[in-house]
Amino acid sequence: MKGVTTTRLSYKADPEKADPRWKDIMSVGVPTDKWDREYEMDANAGMGLSIYGREYRPEKHERPLTPSGLVPMGHGWDFGHGWPATVWVQRTAFNGVRILASMFGQDMQLRLFAPRAIAFEINVLGGPFQNRRDYVDPAGSAEKDDGMQSVAVLRDFGYAPRWRGSKYTERHEYVSQLLKTDQEDGEPMFLIDPRHNVELCQGFRALYRRTKSGDPERNHPVIDLMNALEYYLVNTKTGVARRPPSPPNLALINEVSGYGPWGLATAREGSSGRLIVDAVGGTSRYA
């Protein structure tokens with residue numbers, strides 16, 4: 001358009017950001033393709049390419065693993081329509097990830113697939129593991145499988161499914177962060193056993209790709225296995241440690257609004273004439 005000038009200005013125009021150390025710090029935990037799109041202004045970064053292919057290195061992330069009897073066994077489940085999938089994962093003392101095995105079914109209902117998963121856990125991994133954590137596709141509480149909710153089917157086999165909603169962006173960024181970092185002891189945060197995760201390893205290397213819309217390709221069984229893994233991971237990642245809140249100081253709580261330094265609080269008189277303060281985090285009683 002006449003009279004309009006387009007200028008391409010890189011973040012490196014700022015002398016502080018031109019220092020390579022700035023990128024090293026700021027790109028921690030950011031997926032490579034996302035960084036390239038948002039900071040390097042590459043609109044096509046990641047399209048048609050493996051979502052984790054740039055961070056995933058087989059020589060670093062793949063090795064034979066042995067289940068530990070000292071920590072919980074994690075199960076991740078994706079119910080897919082005719083493509084049920086599950087993974088077996090354990091966390092390290094540093095909250096690192098150890099993917100022991102994975103399994104999927106094709107043109108199979110969950111009720112027929114679950115016994116196969118249990119048999120594999122017993123015969124290959126040395127289970128069944130009583131100390132375990134089961135995380136599933138949130139849609140399993142609504143979608144029907146064999147006339148029942150998928151989570152109800154799992155409960156019939158002794159699982160205790162838990163779930164929460166999440167978006168692909170959250171899950172992808174977290175997995176990318178795991179792939180790019182090491183534990184405090186120098187070991188990778190992310191390890192996978194290639195002997196029992198053939199399709200999942202193929203997905204990390206190349207087959208788990210992003211479409212032009214930004215969503216993963218519907219490539220079975222890779223997307224089902226990835227979803228199962230990501231459901232487990234997003235439910236077991238740790239947040240920022242916070243100290244427990246201190247009891248509220250009644251002298252600083254506004255009698256009208258109920259707000260004070262500890263958060264929302266309301267005061268009322270109990271049956272014994274003692275003042276009861278209901279506050280975020282619990283109920284305290286004061287004379």
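Me: At roughly what angle do the axes of helix α8 and helix α9 cross?
Reply: In this predicted model, the axes of α8 (residues 198–207) and α9 (residues 222–236) cross at roughly 100 degrees and come within 9 Å.

Me: Why are α8 and α9 called roughly perpendicular?
Reply: Angles from 65 to 115 degrees count as roughly perpendicular. The crossing angle is roughly 100 degrees, and α8 and α9 are therefore described in that way.

Me: Which residues of α8 and α9 meet?
Reply: Glu-199, Leu-200, Gly-203, Phe-204 and Leu-207 of α8 meet Val-222, Leu-225, Met-226 and Leu-229 of α9. These contact residues comprise seven nonpolar, one polar and one charged.

Me: What makes the pair Asp-182 and Lys-60 a salt bridge?
Reply: The criterion is a side-chain nitrogen of Lys or Arg within 4 Å of a carboxyl oxygen of Asp or Glu. For Asp-182 and Lys-60 the N to O distance is 3.0 Å. The two residues lie 122 residues apart, Asp-182 in the loop between α7 and β8 and Lys-60 in helix α4.

Me: Is Lys-60 buried or exposed?
Reply: Buried means under 20% relative accessible area; Lys-60 has 17% and is therefore buried. Asp-182, at 42%, counts as partly exposed.

Me: What makes Glu-230 and Arg-171 a salt bridge?
Reply: Their closest N and O atoms are 3.1 Å apart, and the cut-off is 4 Å. The pair joins helix α9, which holds Glu-230, to helix α7, which holds Arg-171. Glu-230 counts as buried at 1% relative accessibility, and Arg-171 is buried at 5%.

Terms used: Residues numbered from 1 in each chain as written. Predicted model: local features only at pLDDT ≥ 70, side-chain atom pairs only at ≥ 80, totals over all residues. Heavy atoms only, no water. Axes fitted to C-alpha atoms, helices over the stretch in contact; angles between N-to-C directions. Helix = DSSP H or I, 4+ residues; strand = E, 2+ residues; numbered from the N terminus. Parallel < 35°, antiparallel > 145°, perpendicular 65-115°, else oblique. Contact = heavy atoms within 4.5 Å. Nonpolar A, V, L, I, M, F, W, Y, C, P; charged D, E, K, R; others polar. Buried < 20%, exposed > 50% of the residue type's maximum accessible area, 1.4 Å probe, protein only.
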